[in-house]
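Subject: Structure handover

Hello,

Here is the structure you asked to look through. Please keep it open while you read the notes below it.

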Amino acid sequence: MKIVKPAKAGTMESNDIYIMVYPNEKGNEIQLDSIVLKQFGKQIEKIIIDTLKELDVENALVVAKDRGALDYTIKARVETAIKRALE
Amino acid sequence: MEIVLTNDLEKVKEFLKEFDLSLDDDVDLTLVAVEDDKIIGTCSAAKNIIKGFAVSKDYQSEGVASKLLTKIQNILFDKGIYETFIFTKPENKSIFEGLGYRFVEGNSDVALLEGGAANVQKYVRDMFLKSDLDDGEKAALVMNCNPFTLGHKYLIETAAKENERVVVFIVEENKSLFPFDVRLELVKKGVKDLKNVTVIPGGKYIISSATFPSYFLRKEDDRLRAYTRLDAAIFGRYIAKEFNIKRRYVGTEPYCPVTNAYNNALMDILPNFGIEVKIVERLMKDNVAVSASFVRNLIKQGKLEDTKKFVPESTYEFLISKEAEDIIEKIKRSDSPH
């Protein structure tokens, strides 16, 4: 699926993640900021990458501002942002 | 608690007073967090700059700040503004870092953070890749060239003689009488014969007036000092590092106090990043220091032909062309310092 416009999902509140998705010429790219970057940065990136793969997305710049979201929250936020970016 | 847009700026100003903050005139939207008809928090935006941010002491650490930030980000995002900046006091830096903002640069007066898709490192890397320059050592100049004069040319020539590779950044902010694309084009034409000189757009992180710290600095002098030092440090940490710039050239500044303060900041800050600052005496002609403001003054007085002595041929050709008519009209009517 192809990202055609910028879209967002989530909030910057505690235990949530704010996801912004933009069309990207250079394939998938992730830019993550997190209050738990040192402990869970790799894992959060992996969830985002896996979600992109599941949705067959290959041209997304995903900017993520994490405030300690759990795995399924991250997945849900990414899915929502991607869906909004397809229309 | 709810968060709403407000037009009642007087109330917001009153609230901000408690925090020793004022609300700038340039804000185009203001949010308030309200509980029991009382303002407990606020933030505003002026284009892509988030400012006037405060939350009541009694409500801090209750998620008011993150709700305000989310809402303002959402509004800006929907307006197509994807990169945002926050200027704040250095002691508040970590609050915003905790809210997903990235620290760009700071000093004892101000910290600059960026949010959304803004990413200084990535942006500067893209700038470098686009420039087609190699990674050898370089000298650099940052110029507005409003318009390009023999004074600018002399400065670039001096750098070109003393260095193997020179890169000239043209200030991209479109606040000058000559529009950015005209300024860039005239410099490119004017230095065509200098083979080791590359002229490129300065981008978002060099002298961009959109990123001017304002509300929390009282005195004009402090503000200027903070801004120029911030700009110099961003140049040193990000731009010079990526482009491998070892020297920066500036002209002596006889007229403009802002440029003078800027030169001082460069001399103070850049050596910390291993960059030598070279000051070149201005080119004199007929006992005047050749400068763009001098040329604009001649134009203002209707002495277009007199500019010939002070600008390269390519600039003069442009000034007398049809394309320049509107700009010249604007200069004649304007009192702008730039």
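Two residues are in contact if their C-beta atoms, placed from the backbone, lie within 7 Å. Helices (H or I, at least four residues) and strands (E, at least two) are DSSP runs, numbered from the N terminus. This is a predicted model, in which local features need pLDDT of at least 70 and side-chain atom pairs count only at pLDDT 80 or more, while totals for chains, interfaces and linings use all residues. Residues are numbered from 1 along each chain as its sequence is written, and chains are lettered from A and ligands numbered from 1 in the order in which they are written.

Helix H2 of chain A (residues 71-86) has 16 residues and reaches 23 Å from its first C-alpha to its last. That is close to the 22 Å expected at 1.5 Å a residue, where the expected span is 1.5 Å times one less than the number of residues. Its buried residues are Ile74(A), Arg77(A), Val78(A), Ala81(A), Ile82(A) and Ala85(A). They lie on the same side of H2(A) because they cover an arc of only 130° around the axis, the arc being that of the directions from the helix axis to the C-beta atoms. A residue is buried if 20 or more other C-beta atoms lie within 10 Å of its own, exposed if 12 or fewer, and partly exposed in between. The buried residues of H2(A) pack against S1, S2, helix H1 (37-54) and strand S4 (60-66) of chain A.

Ser14(A) is in the loop between strand S1 (7-10) and strand S2 (17-23) of chain A. An unreviewed UniProt entry annotates Ser14(A) as "modified residue: O-(phosphoribosyl dephospho-coenzyme A)serine"; such annotations may be inferred rather than shown by experiment, feature names are shortened, and positions are given in the numbering used here. Ser14(A) is partly exposed, because 14 other C-beta atoms lie within 10 Å. Apart from neighbours within four places in sequence, Ser14(A) is in contact with Arg67(A), Gly68(A), Gly63(B) and Ser66(B).

Between the chains, 15 residues of chain B are in contact with 15 residues of chain A. On the chain B side, helix H2 (residues 64-78) gives the most, with 6 residues.

Chain B also has some backbone points to check. The peptide bond from Asn146(B) to Pro147(B) is cis, with omega near 0°. Asp132(B) has a positive phi of about 65° although it is not a glycine, and Asp132(B) is exposed, with 8 other C-beta atoms within 10 Å.

Regards
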